[in-house]
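Student: I would like to go through this structure with you and ask where each label comes from. Could you set the values against the cut-offs for me?

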Amino acid sequence: MTPTALLFGRWVAERREALRLSQERLAEQLQVDQAAVSRLEAGRRRVTLDEFVRILDVLGVHDSDACELLTTLRRASDSPGLWIEDPD
């Protein structure tokens with residue numbers, strides 16, 4: 001668990017709840033299982049860049065809001081840790 005992953009996970013949970021989405025519904029829209037969303041929100045699951053973009057899209061975050069989120073996450077930690085290399 002990295003500080004950046006934890007902060008992003010908390011942000012995802014808050015945004016999901018503000019949209020009145022269950023973890024199950026978010027998981028369906030992201031095409032992952034509910035346990036993956038739970039781990040993500042707890043900061044125990046890092047994401048690929050493609051997953052990060054898909055999460056923002058599903059949660060309705062675009063353009064300047066996405067840039068603001070990235071800036072906040074970058075400032076949260078000097079260490080890497082939000083996303084992992086895509087294995088493809």
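This is a predicted model: local features need pLDDT of at least 70, side-chain atom pairs count only at pLDDT 80 or more; totals for chains, interfaces and linings use all residues.

Student: What makes up the fold, from the N terminus on?

Tutor: The protein has 5 helices and 2 strands, and the order of elements is α-α-α-β-α-α-β. Of its 88 residues, 36% count as buried. The accessible surface comes to about 5600 Å², with 47% of that belonging to carbon and sulfur atoms.

Student: How many aromatic pairs are there, and why is the one between Phe8 and Trp11 called stacked?

Tutor: The structure holds 2 aromatic pairs. For Phe8 and Trp11, the ring centres are 6.0 Å apart and the planes make an angle of 15°. A pair needs centres within 6.5 Å, and planes under 30 degrees apart count as stacked, so 6.0 Å and 15° give a stacked pair. Both residues sit in helix H1, 3 residues apart, which means they are separated by about one helical turn.

Student: Why is the pair of Phe8 and Phe52 called tilted instead?

Tutor: Here the centres lie 5.1 Å apart, again within 6.5 Å, but the planes meet at 45°. Together, Phe8, Trp11 and Phe52 form one aromatic cluster.

Student: How do you know which of the three are buried and which are partly exposed?

Tutor: Buried means under 20% relative accessible area. Phe8 has 1%, so Phe8 is buried, and Phe52, with 2%, is buried too.

Student: What describes the packing of H1 against H5?

Tutor: Two packed helices are described by the angle between their axes and the distance between the axes. The axes of helix H1 (residues 3–18) and helix H5 (residues 63–76) come within 8 Å and cross at roughly 145°, and the crossing is right-handed. On the H1 side the contact has Pro3, Thr4, Leu7, Phe8 and Trp11, which meet Leu69, Thr72, Leu73 and Ala76 of H5. By class, this contact has 7 nonpolar, 2 polar and no charged residues.

Student: Why is Arg15 called partly exposed, and what does it touch beyond its neighbours in sequence?

Tutor: Arg15, in helix H1, has a relative accessible area of 29%; that lies between 20% and 50%, so the label is partly exposed. Leaving aside neighbours within four places in sequence, Arg15 is in contact with Leu59, Gly60 and Val61. Arg15 and Gly60 are 45 residues apart in sequence, with their C-alpha atoms 9.2 Å apart.

Student: What makes the phi of Gln31 worth a look?

Tutor: Most residues other than glycine have a negative phi. Gln31 is not a glycine, yet its phi is positive, about 60°. This residue lies in the loop between helix H2 (23–30) and helix H3 (34–41). At 69% relative accessibility, over the 50% cut-off, Gln31 counts as exposed.

Student: Where is Asp63 found, and how do you know whether Asp63 is buried or exposed?

Tutor: Asp63 is found in helix H5 and has a positive phi as well, near 45°. Its relative accessible area is 65%, which is over 50%, so Asp63 is exposed.

Key:
Residues are numbered from 1 along each chain as its sequence is written. Side-chain values use heavy atoms; hydrogens and water are left out. Axes are lines fitted to C-alpha atoms, for helices over the stretch in contact, and angles run from 0 to 180 degrees between N-to-C directions. Helices (H or I, at least four residues) and strands (E, at least two) are DSSP runs, numbered from the N terminus. A crossing is left-handed if the near helix is turned anticlockwise from the far one by less than a right angle, and right-handed if clockwise. Contact means heavy atoms within 4.5 Å. Ala, Val, Leu, Ile, Met, Phe, Trp, Tyr, Cys and Pro count as nonpolar, Asp, Glu, Lys and Arg as charged, and the others, Gly among them, as polar. Buried means under 20% relative accessible area, exposed over 50%, partly exposed in between (1.4 Å probe, protein chains only). Accessible areas come from the Shrake-Rupley method with a 1.4 Å probe; for residues, only the protein chains shown count as cover. Rings of Phe, Tyr and Trp (its six-membered ring) pair if their centres lie within 6.5 Å; planes under 30 degrees apart count as stacked, over 60 as edge-to-face and the rest as tilted.
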